[in-house]
Amino acid sequence: MEIDRAEQDLVTQCMRREGFRYWPLPVLSVPARKVGAYVVDDVVWARQYGYGRTFDTAAQKANRDHPNVTYVRALPKKQRVRYSRALDGTFTDTITIELPSGGSVRTPRGGCYAQVREQLYGDHATWFRAKKTVTSLTPLYVPRILQDERLTSAVAAWSRCMKAAGRPFQSPDAIRRERESLIRGMTESQALRSESALAVTEAECAQQTSLGKTARALEAEYREEVARDYTEEFTAYRQMRLSALARARNL
């Protein structure tokens, strides 16, 4: 979070030098970072946030009403183009890497974001390659986790617990697939209450059956196996993050 805040502050300064205004984007809070887990197993979090609907709503509002959005929208067309190039660079000059799971991803070499990451991490291109490699490995090991007998047994026990509680779902994924249909026609407050109640039951069953702990342990195990083929990228990722954190704290 400290690195994210420093990045936004530096981008604000960079855009000011380019002749534009820029407002730091909100940094995800610790509770918001829990959204999207395979299974909810924190009862307190579930009671307060459900499945994170309040975070979704806030993100949608920011995408629509954030000062950066309204500011750019009010600029003349040529200025909007200049703003975009100043912030994000252009895709005529990019860093491109091949992903371990297939396909490729690229990012501009120029623009304030690139300059700031160069400043924080020491080398933007190396950082981009390391980060994208390290954070794109899930397709290589998640299918193996889902087929692991330790997980399927825990999911079966969780499902029995949910059924006994009057919530007959076969898996956490089944809840995610049906989530929107379950609250269709409800007001925002009704939807939040309904999802919170379901999430609490999910979390209680996840704790009783150790599904959350099992899923996290298996992810660590399989991720470590896959990571052995990308030792160089993981080392660079860790070292550059530590360096960026030190620089962020000195700003």
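Predicted model: local features only at pLDDT ≥ 70, side-chain atom pairs only at ≥ 80, totals over all residues.
Local features were taken where pLDDT is at least 70 and side-chain atom pairs at pLDDT 80 or more, while totals for chains, interfaces and linings use all residues. Residues are numbered from 1 along each chain as its sequence is written, and side-chain values use heavy atoms, with hydrogens and water left out.

Two packed helices are described by the angle between their axes and the distance between the axes. Helices are DSSP runs (H or I, at least four residues) numbered from the N terminus; axes are lines fitted to C-alpha atoms over the stretch in contact, and angles run from 0 to 180 degrees between N-to-C directions. The axes of helix H6 (residues 112–121) and helix H13 (residues 231–250) come within 7 Å and cross at roughly 95°. H6 is therefore roughly perpendicular to H13 (65 to 115 degrees; under 35 is roughly parallel, over 145 roughly antiparallel and the rest oblique). In this contact (heavy atoms within 4.5 Å), Gln 119, Leu 120 and Tyr 121 of H6 meet Met 240, Arg 241, Ser 243, Ala 244, Arg 247 and Ala 248 of H13. These residues comprise five nonpolar, two polar and two charged (Ala, Val, Leu, Ile, Met, Phe, Trp, Tyr, Cys and Pro count as nonpolar, Asp, Glu, Lys and Arg as charged, and the others, Gly among them, as polar).

Helix H1 (residues 2–17) also packs against H13, at an angle of about 60° and with the axes 9 Å apart; the two helices are therefore oblique to each other. On the H1 side the contact is made by Glu 2, Ile 3 and Ala 6, and on the H13 side by Arg 241, Ala 244, Leu 245, Ala 248 and Arg 249. Five of the residues in the contact of H1 with H13 are nonpolar, none polar and three charged.

Two disulfides are counted (pairs of cysteine sulfur atoms within 2.5 Å). The sulfur atoms of Cys 14 and Cys 112 lie 2.1 Å apart, and the link is left-handed, with -80° about the S-S bond. Because Cys 14 belongs to helix H1 and Cys 112 to helix H6, this pair ties together parts that are 98 residues apart in sequence. Cys 14 counts as buried at 2% relative accessibility, as does Cys 112 at 0% (buried is under 20% relative accessible area, exposed over 50%, partly exposed in between, with a 1.4 Å probe and protein chains only).

In the disulfide of Cys 161 and Cys 205, the sulfur atoms are 2.1 Å apart. This pair links Cys 161 in helix H9 (residues 149–164) with Cys 205 in helix H11 (residues 188–209), 44 residues apart. Both Cys 161 and Cys 205 are buried.
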